[in-house]
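Have the viewer open and follow along.

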Amino acid sequence: MKTIKLPFTTDDATLEFIVDMQRQQSSVVRVSYNLYRKGKKEKEIRDILKNHYNFGTHMDSWFVQSAIYKAKEYVKQEVETGNTKPRIFGGKKNLERRNKGLITNKQYKQRRLLPLYVVGEAPQKGNRKFLFQDGKIIFKPKKGIKFEL
């Protein structure tokens with residue numbers, strides 16, 4: 001697997017859209033992580049998410065599946081390291097700072113956001129949500145919407 005991390009610039013509306021997507025996908029990752037820790041299988045998690053949760057307008061099936069993969073990675077890391085304590089999304093120090101009132105709830109929620117995670121696949125010849133054309137990155141979150149980064 002290859003991970004590509006690139007800095008990008010964009011307008012405020014696009015950035016707001018991406019942050020909203022991060023917020024929704026972060027929720028999917030956290031719920032999936034907790035379900036994995038309870039011993040649920042991937043198919044069960046997909047069914048539970050589909051039938052019992054509404055994460056917002058930006059989460060199509062591939063963003064949800066990518067979030068499930070990320071949650072699975074977190075649980076796999078815990079098993080490999082022998083860690084039995086549940087993960088604190090946003091960090092233990094930030095949680096303690098929030099409890100002491102040193103940071104606001106809004107700041108804590110901002111720090112809990114996970115980076116947008118989109119898995120590529122071989123039949124799609126890479127990542128179905130991103131195109132690399134003419135030195136530009138085109139982000140296609142859903143049909144009819146394209147952002148140039």
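How many helices and strands are there in the protein? This predicted model holds five helices and three strands. Reading from the N terminus, the order is α-α-α-α-α-β-β-β.

**Confidence and overall build**

The mean pLDDT of the protein is 88, and 99% of the residues reach 70 or more. Among the elements, helix α4 (residues 92–99) has the highest mean, 93, while strand β1 (residues 130–133) has the lowest, 82.

Along the principal axes, the C-alpha atoms fill a box of roughly 45 × 40 × 30 Å. The protein has 149 residues, and 34% of them count as buried. Of the contacts between residues at least 6 apart in sequence, 59% join residues at least 24 apart.

**Charges and salt bridges**

Now to the charged side chains. The protein carries 33 positive and 15 negative ones, and the centres of these two sets lie 5 Å apart. A search of the whole structure finds eight salt bridges, and the table shows some of them.

| Salt bridge | N to O distance |
|---|---|
| R46 and E42 | 3.2 Å |
| K70 and E73 | 3.7 Å |
| E148 and K136 | 3.5 Å |

Where do R46 and E42 lie? Both are in helix α2 (residues 42–52), four residues apart, which is about one turn of the helix. R46 counts as partly exposed because its relative accessibility is 34%, a value between the 20% and 50% cut-offs.

The side chains of E148 and K136 meet in a salt bridge at 3.5 Å, N to O. This pair links distant parts of the chain, with E148 in strand β3 (residues 145–148) and K136 in strand β2 (residues 136–142), 12 residues apart. Is K136 buried or partly exposed? With a relative accessible area of 40%, K136 is partly exposed.

How values were computed: Residues numbered from 1 in each chain as written. Predicted model: local features only at pLDDT ≥ 70, side-chain atom pairs only at ≥ 80, totals over all residues. Heavy atoms only, no water. pLDDT = per-residue confidence, 0-100. Helix = DSSP H or I, 4+ residues; strand = E, 2+ residues; numbered from the N terminus. Buried < 20%, exposed > 50% of the residue type's maximum accessible area, 1.4 Å probe, protein only. Contact = heavy atoms within 4.5 Å. Lys, Arg positive; Asp, Glu negative; His and termini not counted. Charge placed at Lys NZ, Arg CZ, Asp CG, Glu CD. Salt bridge = Lys/Arg side-chain N within 4 Å of Asp/Glu carboxyl O.
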